[in-house]
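Reader: Please show me the model. I would like to go through its helices and its core.

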Amino acid sequence: MVETLQQLLPGFLIPYFNALMQLGHNFFGALWPDILTVVWTVIKVMLIIAPLLLVVAYVTFWERKVIGWMQVRIGPNRVGPWGLIQPIADGLKLMLKEVVIPAGADKSVFLLAPVFAFAPALVAWAVIPFNDVLVVANVNASLLYVMGVTSIGVYGIMLAGWASNSKYAFLGGMRSAAQLISYEVAMGLALVVVLMVSNSLNLGDIVKSQGQGRFAEMGLSFLSWNWLSLLPMFGVYVVSCVAETNRAPFDMAEGESEIVGYHVEYSGMAFAVFQLAEYSAMLMCSTLISLLFLGGWLSPVRFLPDSIFWLFAKIAAFVFFFFWIRATFPRYRYDQIMRLGWKVFIPLCLVWLVIVGCWMMSPWNIWK
Amino acid sequence: MEFKTFVFYFLSTILVYASLRVVTLRNPVHAALHLILAFFSASGVWILLQAEFLAIALVLVYVGAVMVLFLFVVMMLDINIDRLREGFWSYLPLGSIIALLMLAEMSLVLGGSYYDLFESNVPQAESGYSNVKAVGRLLFTDYVYPFELASVILLVGIVAAAALTLRGKRKTKSVSPGQQVFVKAKDRVRVLKMPAEQRD
């Protein structure tokens with residue numbers, strides 16, 4: 001790591017850098033490499049989180065604009081040129097508002113719940129590869145890690161509902177917690193099929209395994225990505241992602257027009273953290289779909305080079321897709337949501353798991 | 001002190017504290033939250049032992065699924081602290097016998113020379129070694145019968161849970177979604193054509 005930094009730094013800084021290393025070595029002795037590792041990791045974490053939060057802020061702006069245009073409105077256009085300062089203004093407003101804690105609420109759990117909702121959506125980014133080399137932690141079981149970490153997000157919703165000391169919030173929390181656990185099963189089963197065909201739990205390897213196949217040899221690698229060969233699973237995964245992030249048409253958690261959700265008692269920054277959690281979970285889901293089914297940073301055709309911009313383009317397309325269905329579909333009824341999850345998606349996934357397993361054992365296996 | 005040792009003691013302190021709070025806290029929701037914290041620190045300790053599959057599975061299964069259902073139940077309960085605390089003295093003898101037995105077992109395992117826990121080393125593997133693959137290979141070769149037996153037992157559990165909810169006649173009315181999707185507007189709504197009347 002020290003060597004890579006020495007290569008990256010401009011020439012006139014290298015003597016200072018070496019002096020700093022020597023100073024640290026004299027001062028901390030044998031602990032110095034460990035301290036350096038921790039500091040370097042914190043810097044890498046910051047390099048992911050800071051742009052992520054900025055993107056989340058502008059995704060909210062983009063959503064309001066896109067939905068505005070779809071509904072033949074203009075959308076926010078007052079603050080700054082074309083309304084571009086709007087998300088900053090919204091953030092400032094929410095920061096300055098009072099966080100009202102209801103009487104009889106469990107104060108510590110009430111304030112802990114937004115953290116529980118937001119932290120998993122950030123922590124999962126640690127293992128997301130942006131291209132062949134650009135990843136904070138390249139762990140073997142990164143897909144498993146993402147699944148484990150994102151499954152914690154449900155606590156934010158449940159605890160928010162319980163700690164508010166309000167029956168409406170409690171029922172809302174129960175409702176969306178049940179929804180989240182149901183769709184997690186379908187999502188997990190779809191992921192099992194993906195890891196079966198790519199023979200790895202590492203997200204980078206899953207992406208690389210999509211770059212080979214008959215169509216990739218013909219130069220049309222977008223046809224050998226997982227979305228085509230695992231088409232039903234791709235559909236299940238995308239719909240489950242929408243349900244997992246509590247977005248319309250599955251936004252039972254919020255349901256602002258007729259039912260009340262788990263965060264009805266939250267205000268100010270505590271409420272804003274729930275919103276941030278929803279939008280970063282949406283970005284996370286779009287990234288996972290792009291990596292698992294749409295070839296990540298791989299270019300769709302051979303004559304264009306692979307690059308990180310392909311990944312960003314795919315993520316942006318899916319975020320747009322999230323807005324699009326929000327503006328298009330009416331909200332599902334709750335029993336229909338549960339039926340779709342348990343009686344349609346899970347049986348479909350189980351059957352497809354067996355089909356893909358048999359396919360892989362047969363001589364027509366395309367994933368060698 | 002090595003950095004790893006520091007991390008180990010840090011996680012273990014949290015683990016011991018959280019597990020103590022699980023049994024001493026009065027509020028069951030807070031106790032369940034401390035149990036989640038204990039699971040997390042335990043999975044951190046397992047990561048230190050390079051058992052990444054077990055560590056992530058602990059978070060995925062226990063924190064992500066089991067404890068959620070636990071909290072579901074605990075939150076719905078109407079807990080009366082006084083009723084929970086009564087009968088403390090009558091349960092004390094049995095409880096202390098079990099506690100002593102477990103303590104003896106633990107001291108045998110940790111302190112006894114038979115197991116050589118302190119001398120044993122964690123097998124070191126190269127960084128490309130996949131824990132998941134090794135566990136999977138063992139499960140489906142050497143331990144395939146116990147594994148299949150466990151899955152059959154779990155299946156029995158699932159069927160039993162479903163059967164428990166199906167007692168008695170169904171009291172609720174519902175529409176079959178298969179029929180529902182074929183409904184057309186003209187089956188439900190009749191549009192009448194009425195000539196406009198002249199207002200006097």
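**Helices and core**

Author: Chain B has 9 helices and 0 strands; helices (H or I, at least four residues) and strands (E, at least two) are DSSP runs, numbered from the N terminus. This is a predicted model, where local features need pLDDT of at least 70, side-chain atom pairs count only at pLDDT 80 or more, and totals for chains, interfaces and linings use all residues. Residues are numbered from 1 along each chain as its sequence is written, with chains lettered from A and ligands numbered from 1 in the order in which they are written.

Reader: What percentage of the residues of chain B count as buried?

Author: Buried means 20 or more other C-beta atoms within 10 Å of a residue's own, with C-beta atoms placed from the backbone. Chain B has 200 residues, and the buried share is 12%.

Reader: Which residues touch the most other members of the largest nonpolar core?

Author: A nonpolar core is a set of buried Ala, Val, Leu, Ile, Met, Phe, Trp, Tyr and Cys residues joined through C-beta atoms within 7 Å. The largest one has 114 residues, and those touching the most other members are Ala190(A) and Met233(A).

Reader: Which helix gives the most to this core?

Author: The top contribution is 17 residues. They come from helix 13 of chain A.

Reader: Which residues does Met233(A) touch?

Author: Contact means C-beta atoms, placed from the backbone, within 7 Å. Residues up to four places away in sequence are not counted. That leaves Ala190(A), Val193(A), Val194(A), Cys349(A) and Trp352(A).

Technical notes. Two residues are in contact if their C-beta atoms, placed from the backbone, lie within 7 Å.
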